[in-house]
Amino acid sequence: MTKKIDKTDIGWNLENSYTSLPDKFYTTMEPNPVPSPKLDILNHSLASALGLNAEALESEDGVAVLAGNRIPEGGKPLAEAYAGHQFGYLTMLGDGRALLLGEQITPDGQRFDIQLKGSGRTVYSRGGDGRAALGPMLREYIISEAMHALGIPTTRSLAVAATGETIRREAGFLPGAVLTRIAASHLRVGTFQYAAGAGSIEDVQALADYTLQRHFPEIGLDDPDRYLKLFQEAASRQASLIAKWQLVGFIHGVMNTDNMAISGETIDYGPCAFMDVYHPKTVFSSIDAQGRYAYNNQPLIGGWNLARFVETLLPLLHDDQEEAVAIAQAQLKIYSDQFHENWHAGMRSKLGLFNKEAEDETLIDDLLELMQEHEADYTNTFAALTFGKLDGAEMFGTSGFIGWHDRWQERLSRQHQSKEEVQELMRNNNPAVIPRNHRVEAALEAAANGDFSVLERLLAVLADPFAHSPEQAEYAAPPDSESGSYRTFCGT
Ligand code: AMP
Ligand code: MG
C-alpha cells in the first residue's frame with residue numbers, strides 16, 4: 001500500500017550515520033529556539049527531490065523545524081567537530097552556528113545532510129553568537145542555487161526562515177535567519193585535520209572508512225589501497241570542481257581547509273562573488289588583503305589544501321614515512337595535471353573547439369590577455385563570441401582582437417563540425433547569466449524591505465543560465481560603475 005501524504009506529513013526519512021563515528025567527532029545538542037519563525041523562502045523543487053512535502057514544510061510545524069524550534073521526526077541534532085587552516089593558520093573550529101539534523105534518504109536512495117545554519121550557539125562557537133543574518137543567508141541561497149543551475153557541484157539551499165530575532169554585526173543590528181543547507185555531507189579537509197590532530201591514527205582510519213562508504217562506495221573497505229584511492233578520488237573531484245569555478249569566474253573567497261568538502265561540492269558561501277571584468281588577480285573579500293584566495297590562486301590553493309588532507313593520511317599510505325611522502329607528492333602532481341586538463345577542456349568547449357590541438361593553449365591565453373588588457377566582461381565576452389555579436393565592447397574593435405578572431409576562425413575551420421554544432425557547444429558552455437553582484441545586492445535590499453519579488457525574479461532567471469532567452473538580457477548587463485570596488489564581508 002502506498003503511504004498517503006497529508007498536509008502534516010513532511011516526509012522526513014532521516015538516518016544518523018554520523019553518530020557511528022567515535023564520540024569525539026561531534027556533540028549532540030539541540031538548536032536554540034527563536035521567538036517568531038517566519039518562512040521567507042522555500043525551494044519547492046529541491047524539497048520534492050528530497051522526498052519532502054513542500055506544503056507541509058510551509059505549515060506551522062514545518063516552519064518550526066526550519067527555524068530550529070522543533071526537531072524533525074528521526075532527527076538527532078549534532079554539531080560536527082573539525083579543525084582548519086584559516087588563511088594558513090591551523091585552528092580548532094567545529095560547527096559554531098550550525099547543526100546537522102540528520103541525513104535524509106531520498107526516494108531514489110540518496111543520502112543528504114540536512115543542516116541548519118544560524119541555529120544558535122554550540123560547544124564550538126568560541127566568541128560567536130551562533131546566529132546568522134538574513135541578508136547573507138539569502139545570498140547563500142541565491143548563489144548556491146545559481147551554481148547548481150550552472151552544473152557546478154554544490155551544497156544547496158532548501159529554505160531560509162527569519163527568526164524574529166535581531167543580531168548584532170559590525171554593520172549594526174540585523175534581522176536573524178536560519179538557512180537549511182543540503183549537502184552530500186559536511187565532511188571537510190578540516191574534519192581529517194581534526195582527527196589527525198585531536199585523535200589517533202585509528203580515528204583517522206575510522207573517518208576515512210566512513211567517508212569511503214559514504215562517497216566512494218565503489219572502493220571496498222577490504223581494498224588494501226583504499227586510503228590512497230580515497231585521496232585520488234577526492235583530489236580528482238577538486239580538480240574538476242575548481243576548473244568549473246574558473247570557467248565561470250566564480251571566486252570562493254575563503255578557501256580555508258575547513259571550507260573544502262571531501263565530497264567535491266562547493267561549500268560555505270561567505271565572501272564569494274562572480275567576476276564581472278576579467279582580471280586574474282580579482283579579489284572581493286575585504287579580509288583577503290594579500291589575495292591568498294584571488295581568482296587565479298584558487299587552483300594552487302586547492303592543491304595546498306589537498307596537501308593538508310593527504311598529510312593526515314600519510315600513516316595509512318605506507319608504513320615507511322618517506323615512502324608515504326613520495327606517494328603523496330606524486331598524487332598532488334596528478335591533481336595539478338588534472339586541473340589543467342579539465343580547465344583546458346572547458347576552455348576549448350567555451351570556444352567551440354571539439355578536438356585538441358597543440359596551439360589551443362596559446363589561443364586561449366591570448367584571448368584572456370586581451371580581455372585583461374581591455375577590461376572586458378568575462379561572461380559577456382564568451383556570450384558575444386557564441387552568437388558572433390561583436391559590437392558591445394571596446395575590445396572587439398581593436399586590431400589585437402581582430403587578429404585573434406581570425407586565428408580562432410581559422411582554427412574552427414580545421415575541425416569538421418558544422419557552425420550549428422559549434423554554436424550549440426558554445427551555448428551550453430557559456431552562460432547568459434551569472435549572479436552578478438549588483439543584481440544580488442538589489443535583490444537582498446528589496447528583501448530586507450519585505451519585497452521578495454526581485455529575489456524571486458532573479459532566482460527564476462538564474463535557474464536556466466544557458467537558456468540565452470530575451471528575458472535574461474537585462475540580467476546579463478554588467479554593473480554601471482566599476483565592479484572592482486565591490487567588496488564582500490565575512491561578518492555573516
Ligand atoms: P566560516 O567563515 O563560515 O567558514 O566559519 C569559520 C568558523 O567560524 C566555523 O567554525 C563557524 O562555525 C564559526 N562561526 C562563523 N560565524 C559564527 C557565529 N556567528 N557564531 C559562532 N560561530 C561562528
Ligand atoms: Mg566554514
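**Entry 1, Glu-375.** I located Glu-375 in the loop between helix H10 (360-373) and helix H11 (378-387); helices (H or I, at least four residues) and strands (E, at least two) are DSSP runs, numbered from the N terminus. The model is predicted, so local features need pLDDT of at least 70 and side-chain atom pairs pLDDT 80 or more, while totals for chains, interfaces and linings use all residues. Residues are numbered from 1 along each chain as its sequence is written, chains are lettered from A and ligands numbered from 1 in the order written, and side-chain values use heavy atoms, without hydrogens and water. Glu-375 is exposed, at a relative accessible area of 54% (exposed is over 50%, buried under 20%, partly exposed in between; 1.4 Å probe, protein chains only). I noted a positive phi near 50° for Glu-375, which is not a glycine. Most residues other than glycine have a negative phi.

I looked up the protein donors and found Asn-259 (OD1) and Asp-268 (OD), 1.9 to 2.1 Å from the ion. Donors are N, O and S atoms within 2.8 Å of the metal (3.2 Å for Na, K and Ca); water is not among the atoms, so sites may look incomplete. Both Asn-259 and Asp-268 are buried; for Asp-268 the relative accessible area is 14%. Asp-268 sits in the loop between strand S12 (250-251) and strand S13 (273-274), and its phi is positive, about 65°.

I placed Gln-423 in helix H13 (residues 419-427), partly exposed at 30% relative accessible area. Beyond four places in sequence, Gln-423 touches Thr-386 and Phe-387 (contact: heavy atoms within 4.5 Å). Gln-423 and Lys-350, 73 residues apart in sequence, lie 9.6 Å apart, C-alpha to C-alpha.
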